[in-house]
Amino acid sequence: MWTFFIAIALLIGGYFVYSRVTEKVFGIDGRATPAISHPDGVDITPLPKWKAFLIELLNIAGTGPIFGAISGALFGPIVFLWIVFGCILGGAVHDYFSGMISSRNGGDSIVRLSRKYIGRAMEVIMRIFSILLLILVTAVFVVSPSSLLESLTGGKVMAWIWMIGILAYYLLSTIVPIDKVIGKIYPVFGVILIVMALAVIGGVLFQQGNYPMLELIGNLRDFSAANGGLPWWPFMLTTVACGAVSGFHATQSPMIAKCIKSEKEGRQVFYGAMVAEGIIALIWAAAAMAFYRVGTSSGWQELSAIGGSSESVEQICSTLLGPVGTVLAVIGVVICPITSGDTALRSCRLILAEWLHMDQKKMKNRLILTLPLFAMVVGISIWNFLNEANFNILWRWFAWSNQFLAAICLWVATAYLVKTKANRWISLFTSIPALIMTAVVITYIFGEPRIALGRYIPLWAAWIIGASIAGAIFVTYICLIVFRFNKRPPETDSEPDLGALGVAE
């Protein structure tokens, strides 16, 4: 129990302390944000800070902080360390910089930012990965809630009927102004998500006699023998995903960067939402470890058989909280994917509009971009529904590409600091987590035994390859600072301050 409370305290303390450090490193000022300088009434529109926070939280909190955290519990209490320090030092910094750099550049997506601060080749890579990831996320978040809703209705309302309803909602929320649908329902959903998490951890705490929490001291050991031979590095760092670090967030933060009314709001909206998601992930990881008694071989095997899924969520909540808890948990598990799927499709439209230079004020232009994307989502959703077992392989690729995007986004933030700050060494603030995530994704793709090269390369070799490539990238980065940028004056880090010029008040 004490491990859990200390971890919660560290996350909250990390927000109050490290978020201010992050804000200082970035260097906010009084310039106008896109919502103030050039609103368009569709995607770029001012929102109250509390509403922007809840929308950002729902945008980034898909099933990751629930399903990912429950699966992460299979690695034991060491997952607490990754959720806490990964979130504070990596994930929240990642989300803050992706949002604030976008705000400084008129609400540009991470794709365009990668071109500006790294180069055209990286823009191409990021555009491909971002669009594929967003379409995949949208499709995945159609089938999972549909299947769960079918189960809850006892099969009376089939999954394909729920799929039609969810897809119709996705289409509507993608083409209408952000404050008309998303801005109205997300705050309510955000409160439900938070209440659900608090109810679950309350159920565990009040039943410690039956479901004792594992403590870090005494359990800081290698669970890989029970975990199918998969050690915590790098597999825990990809499994937990959204609960600690997630590249998907870099596609969502620019959407809210178009809606904040002041740069001062960035710390609460971007950094704060990620810390809130970290707390939710921590709760579900602790609940799963306690409920399934992961410290025992039988408990570990029981959780391993179902992993992070709607089934495990339903078991935890129905047992701990009874019928009311089951309803609450189900609402939360349905809300999480749907409220990430709709904004994923919207982000995809914005990235395409940015690429093709299409004004999105007109409904016609929004439909031209949305309908082909929607058709792809429908096709993948149907394939997923009919071939759910095969789609698990695709999901593992999704997990890897998600963290790959996180690494790239952190390198974009590093390049931003190198190019815009007089003291180039301050870029170590983002380059260190970027280096860690780079090593993770390289080691994973070479060492994952079920997909890719891990079927042919032993894990120890993947560790060496990952460390070597990441080390070479870091040496290159240091050399660029020393030999290329150390004598250059810093570049401008934004578009002209239209508010200061009197264009907008």
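The model is a predicted one.

Searching the whole structure for aromatic pairs gives 20 of them. One of these joins Phe26 and Tyr416: the ring centres are 5.6 Å apart and the planes meet at 15°, so the pair is classed as stacked. Trp232 and Trp233 make an edge-to-face pair, with 6.0 Å from centre to centre and 80° between the planes. Trp232 has 40% relative accessibility, which means that it counts as partly exposed; the cut-off for buried is under 20%, and for exposed over 50%. Ring pairs also build a cluster, whose members are Tyr18, Phe26, Tyr96, Phe97, Tyr117, Tyr416 and Phe429.

Helix H10 spans residues 232-239, and within it Pro234, Phe235, Met236, Leu237 and Thr238 are buried. After H10 comes Ala241, which has a positive phi near 50°.

Trp2, Phe5, Ile6, Leu10, Leu81, Phe85, Leu89 and Leu220 together make a nonpolar patch of about 800 Å². Which helices supply at least two residues each to the nonpolar patch? They are helix H1 (2-26) and helix H5 (78-104). The most comes from H1, which gives four residues. Ile6 is placed in helix H1, while Phe85 is found in helix H5. An α-helix has 3.6 residues a turn, so residues three or four places apart point the same way.

Apart from neighbours within four places in sequence, Phe85 is in contact with Leu10 and Gly90; Leu10 is itself a member of the nonpolar patch. Phe85 and Ser71 are 14 residues apart along the chain, and their C-alpha atoms are separated by 18 Å.

Two loop residues remain. Gln360 sits in the loop that runs between helix H14 (310-356) and helix H15 (363-386). Is Gln360 buried or exposed? Its relative accessible area is 6%, so Gln360 is buried. The Gln360 side chain reaches the backbone oxygen of Met358 at 3.3 Å. Not counting residues up to four places away in sequence, Gln360 touches Val42, Asp43, Arg349, Ala353, Asn365, Arg366 and Leu369.

Arg424 occupies the loop between helix H16 (388-420) and helix H17 (428-447). Why does Arg424 count as buried? Its relative accessibility is 4%, and buried means under 20%. With residues up to four places away in sequence left out, Arg424 touches Val418, Lys419, Ile481, Phe485, Asn486, Arg488, Pro489 and Pro490.

How values were computed: Residues numbered from 1 in each chain as written. Predicted model: local features only at pLDDT ≥ 70, side-chain atom pairs only at ≥ 80, totals over all residues. Heavy atoms only, no water. Buried < 20%, exposed > 50% of the residue type's maximum accessible area, 1.4 Å probe, protein only. Contact = heavy atoms within 4.5 Å. Patch = residues over 30% accessible without salt bridge, like charges linked within 9 Å, V, L, I, M, F, W, Y side chains within 5 Å. Areas by Shrake-Rupley, 256 points an atom, 1.4 Å probe, with all protein chains shown as cover. Salt bridge = Lys/Arg side-chain N within 4 Å of Asp/Glu carboxyl O. Phe/Tyr/Trp six-rings, centres within 6.5 Å; stacked < 30°, edge-to-face > 60°. Polar contact = N/O pair within 3.5 Å; in protein donor to acceptor, adjacent residues only side chain to side chain.
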